[in-house]
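I'd like to walk you through a model, starting with some ring pairs and then moving on to the helix packing.

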Amino acid sequence: MHTMIQLNGDAVSYIRTIWLFTYSDMKTIIFPQSILGTILASAACLFQESVVAHDAWDLFLYRYPLALFWTWSFLIPFNIFNQSSEDAIVEDRINKPWRPLPAGRLDRRRARIMMLVHYFIAIGISTMIGGLRQGLLTIALGIWYNALGGADDGFIVRNFINAAGYLSFGSGAMEVALGEPLALNRALLTWMAILAAVIFSTVQLQDIFDVEGDASRGRRTMPLVIGDAATRWCSALMVLISCVMCPAYWSLDWSGFVLPVFLGVTIAVRTLTYRDPGSDKRTFLMWNGWLVLIYTLPLVRYHATGCLVEHGHGL
């Protein structure tokens, strides 16, 4: 009985450790990207002629849990990798002391072992439920970002990796939700390229409120390179352009513009008006919600017109 209680306690402690490694990205990666994948799967006939139209509610009920599980499984080793460097631990002792390494829940050696184990687990999961290509890409991007200086050398590379990572998670979740391999045709790649441009040009909102931490690690984020004011104006402008461009791409009527434009304008105004770290964190949280709205636009188009889209052009 005592052994069983100890094993149960160890299991709970292990799950809590994994949860703490990924908690900060629940609102930025796990939920938004798994939702993106399921939404795109619901409207997949807009991108692939051979795909039968799926009911969105059925996909969210039966396939979304798998997409969520796939996303989390690949985020776990990425985050362990990201948080296990000496610089990351020093920074987290100040900003996020509850994370497993600064909190002393495990040491760096055990963290590295855990990372490798979870990489193998994630690859095994994807061979069974899909998303293997995208999962392997997230691993490559993680190595570039965490081990080869991608996060530190300049904001262009940093933003590119972030955009590629977001969409690797999103397209992998889409494949899992759809239950079949994706055909990377022109229609899908065009929409993914638009989303990549949106993320690439606005994701620096996450760096505005962490200037001190990034400066201490020698990172060259956009606010540190071109300045806070220029970053805010650039980010606000790109959000405003994106919130109009994306609904227009899908030829939506005025109702399809309302929420993306309203939230986009709100984010732009907040970015330029509220300039303290707490407000900037809330603005970035709103940006993640706005990104989910942008993700839903193909589904809005699908419900308006069905699959009456010229394949290969997206319109």
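So, aromatics. There are 12 aromatic pairs in the structure, and keep in mind throughout that this is a predicted model. Let me begin with Y23 and W98. How are those two rings arranged, edge-to-face or stacked? The planes sit at 85° to each other, with the ring centres 5.7 Å apart. The cut-off for edge-to-face is over 60 degrees, so with 85° between the planes Y23 and W98 make an edge-to-face pair.

Where are they in the chain? Y23 is in the loop between α1 (2-22) and α2 (26-42), and W98 is in the loop between α5 (86-95) and α6 (108-129). The two parts are 75 residues apart in sequence, so this pair ties them together. As for cover, Y23 has a relative accessibility of 44% and W98 has 33%. Buried would need a value under 20% and exposed one over 50%, so Y23 at 44% is partly exposed, and W98 at 33% is partly exposed too.

Next pair: F209 and F284. Here the centres are 6.0 Å apart and the planes make 50°, which goes down as tilted. Again the pair links distant parts of the chain, 75 residues apart. F209 is in the loop between α10 (205-208) and α11 (211-216), while F284 belongs to helix α15, residues 277-295. F209 is partly exposed, at 23% relative accessible area, whereas F284 is buried, at 6%.

Helix α9, residues 186-202, and α15 have axes that come within 12 Å and cross at roughly 165°. Anything over 145 degrees counts as roughly antiparallel, so α9 at roughly 165° is roughly antiparallel to α15. The crossing of these two is right-handed. On the α9 side the contact is made by W191, L195, V198, I199 and T202. From α15 you get W287, W290, L291, I294 and Y295.

Now turn to the other partner of α9. Which helix am I talking about, and at what angle does it pack? It's α8, residues 155-178, packing against α9 at about 135° with the axes 9 Å apart. That angle makes α8 oblique to α9, and the crossing is right-handed. α8 brings I156, N159, F160, A163, Y166, L167, S171 and M174 to the contact. α9 answers with L188, M192, L195, A196, I199 and F200.

I161 is buried, with 5% relative accessibility. Beyond its sequence neighbours within four places, I161 is in contact with L141, W144, Y145 and G150. Its C-alpha is 9.6 Å from that of T138, 23 residues away in sequence.

A couple of single residues from the other end of the chain. N79 is in helix α4, residues 64-83, and at 2% relative accessible area N79 is buried. Leaving out neighbours within four places, N79 is in contact with F21, T22 and D25. Then there's K27 in α2, partly exposed at 41%. The C-alpha atoms of K27 and G289 are 8.6 Å apart, and 262 residues separate them along the chain.

Most residues other than glycine have a negative phi. S251, though, has a positive phi, near 55°, and S251 is in the loop between α13 (228-249) and α14 (254-273).

Let me zoom out to finish. How many helices and strands does the chain have? It has 16 helices and zero strands. Of the 315 residues, 50% are buried. Take the contacts between residues at least 6 apart in sequence, and 77% of them join residues at least 24 apart. The accessible surface is about 14500 Å², and carbon and sulfur atoms account for 67% of that.

That's me done, thanks.

Note on methods: Residues are numbered from 1 along each chain as its sequence is written. This is a predicted model: local features need pLDDT of at least 70, side-chain atom pairs count only at pLDDT 80 or more; totals for chains, interfaces and linings use all residues. Side-chain values use heavy atoms; hydrogens and water are left out. Helices (H or I, at least four residues) and strands (E, at least two) are DSSP runs, numbered from the N terminus. Buried means under 20% relative accessible area, exposed over 50%, partly exposed in between (1.4 Å probe, protein chains only). Contact means heavy atoms within 4.5 Å. Accessible areas come from the Shrake-Rupley method with a 1.4 Å probe; for residues, only the protein chains shown count as cover. Rings of Phe, Tyr and Trp (its six-membered ring) pair if their centres lie within 6.5 Å; planes under 30 degrees apart count as stacked, over 60 as edge-to-face and the rest as tilted. Axes are lines fitted to C-alpha atoms, for helices over the stretch in contact, and angles run from 0 to 180 degrees between N-to-C directions. Angles under 35 degrees count as roughly parallel, over 145 as roughly antiparallel, 65 to 115 as roughly perpendicular and the rest as oblique. A crossing is left-handed if the near helix is turned anticlockwise from the far one by less than a right angle, and right-handed if clockwise.
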